[in-house]
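Please take a first look at the structure below. This report then walks through its main features, part by part.

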Amino acid sequence: MQRLPEPLKVLVEQLSRLPGLGPKSALRLAMTLLKWPENNTRSLGKAIHDLRDNLHLCSRCGSLTDTDPCTICTDGSRSRETLCLVSEWDSLLAMEDGGFYRGQYMILGGLIAPLDNVTPEHLELNRLQHRLAEGEINELIFALGTTMEAENTATYVKQLVASRFPHIRVTRLAQGIPLGSEVKFVDKETLRQSLNYRQEL
């Protein structure tokens with residue numbers, strides 16, 4: 001790195017801060033950018049520069065968007081009665097990619113994780129309460145995952161909703177045996193959840 005020209009050295013140092021990119025990978029990426037046509041590298045640089053100016057959080061759901069409110073919140077064909085609670089934006093994207101949910105979303109901005117110093121105060125609980133207080137939502141769907149942090153967060157939010165909005169139904173995504181699996185290969189906790197959340201046939 002010492003012998004690199006200063007502009008290249010600065011770029012490599014910046015790129016190596018990205019997750020999954022060490023100094024060698026960052027150098028390979030920088031060298032690839034140098035081989036690109038000038039208009040392509042300038043276009044990439046402008047896109048990175050404009051990212052902060054043109055992208056922000058939706059004031060209603062917390063989603064990344066270039067309009068406020070976002071297109072999901074303003075879509076008149078979506079149900080205003082169900083609100084799907086997810087921890088981060090990528091979970092919303094996964095739900096949307098499926099195309100099977102047509103309600104509203106709320107992004108918490110993380111999960112309660114005391115070991116990582118993430119407390120309820122770090123989450124978007126005020127935004128959630130404001131949304132529920134509007135009176136449109138009659139079902140809150142937890143789509144937080146099945147980790148210990150997700151369970152702790154779900155318990156905390158459920159108690160909060162039960163105390164302030166007792167008329168709102170609280171549900172969660174079904175948990176259990178994945179399609180294509182045999183019972184003998186499923187772990188005990190998944191079997192327990194499957195039994196607890198069994199369905200009528």
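## Two packed helices

Helix H6 passes helix H7 in a right-handed crossing. A crossing is right-handed if the near helix is turned clockwise from the far one by less than a right angle, and left-handed if anticlockwise. H6 covers residues 125-133 and H7 covers residues 148-164. They pack at an angle of about 35 degrees, with their axes 12 Å apart. Axes are lines fitted to C-alpha atoms, for helices over the stretch in contact, and angles run from 0 to 180 degrees between N-to-C directions. Helices (H or I, at least four residues) and strands (E, at least two) are DSSP runs, numbered from the N terminus.

This is a predicted model, in which local features need pLDDT of at least 70, side-chain atom pairs count only at pLDDT 80 or more, and totals for chains, interfaces and linings use all residues. Residues are numbered from 1 along each chain as its sequence is written, and side-chain values use heavy atoms, with hydrogens and water left out.

Which residues of H6 and H7 meet? From H6 come Leu125, Leu128, Gln129 and Leu132. From H7 come Tyr156, Val157, Leu160, Val161 and Arg164. Contact means heavy atoms within 4.5 Å.

Val161 sits in helix H7. Is Val161 buried or exposed? Val161 is buried, because its relative accessible area is 1%. Buried means under 20% relative accessible area, exposed over 50%, and partly exposed in between (1.4 Å probe, protein chains only). Leave aside the neighbours within four places in sequence, and Val161 is in contact with Leu132, Leu140, Pro166, Ile168 and Val170. The C-alpha atoms of Val161 and Gln129 are separated by 8.1 Å, and these residues are 32 apart along the chain.

Ala133 also belongs to helix H6. Ala133 counts as exposed, because its relative accessibility is 52%. Its C-alpha atom is separated by 8.9 Å from that of Arg164, 31 residues away along the chain.

## Salt bridges

How many salt bridges does the structure hold? There are eleven. A salt bridge is a side-chain nitrogen of Lys or Arg within 4 Å of a carboxyl oxygen of Asp or Glu. The table gives some of them.

| Pair | N to O distance |
|---|---|
| Arg102 and Asp75 | 3.4 Å |
| Glu151 and Arg172 | 2.6 Å |
| Lys184 and Glu182 | 3.7 Å |

Take Arg102 and Asp75, whose closest N and O atoms are 3.4 Å apart. Arg102 lies in the loop between helix H5 (89-98) and strand S4 (104-107), and Asp75 in the loop between helix H4 (71-74) and strand S3 (82-86), so the pair ties together parts that are 27 residues apart in sequence. Arg102 is partly exposed, at 40% relative accessibility. Asp75 is partly exposed too, with a relative accessible area of 24%.

Next come Glu151 and Arg172, joined by a salt bridge at 2.6 Å. This pair links distant parts of the chain, with Glu151 in helix H7 and Arg172 in strand S6 (residues 169-172), 21 residues apart. Glu151 counts as partly exposed at 22% relative accessibility. Arg172 counts as partly exposed at 28%.

Lys184 and Glu182 also meet in a salt bridge. Lys184 is exposed, at 64% relative accessibility. Glu182 is partly exposed, at 44%.

## A nonpolar surface patch

Which residues make the nonpolar surface patch? They are Leu51, Leu55, Leu57, Leu64, Trp89 and Leu93, and the patch is about 480 Å². Patches are made of residues with over 30% relative accessible area and no salt bridge: like charges are joined within 9 Å, nonpolar side chains (Val, Leu, Ile, Met, Phe, Trp, Tyr) within 5 Å. Accessible areas come from the Shrake-Rupley method with a 1.4 Å probe; for residues, only the protein chains shown count as cover. Leu57 lies in strand S1, residues 56-57. Leu57 is partly exposed, with a relative accessible area of 45%.

## Loop details

The peptide bond from Asp68 to Pro69 is cis, with omega near 0 degrees. Pro69 is in the loop between strand S2 (64-65) and H4.

Asn117 is in the loop between S4 and H6. Its phi is near 60 degrees, a positive value in a residue other than glycine. Asn117 counts as exposed, at 60% relative accessibility.

His122 is likewise in the loop between S4 and H6. His122 is exposed, with a relative accessible area of 52%. His122 and Leu44 are 33 Å apart in space, C-alpha to C-alpha, and 78 residues apart in sequence.
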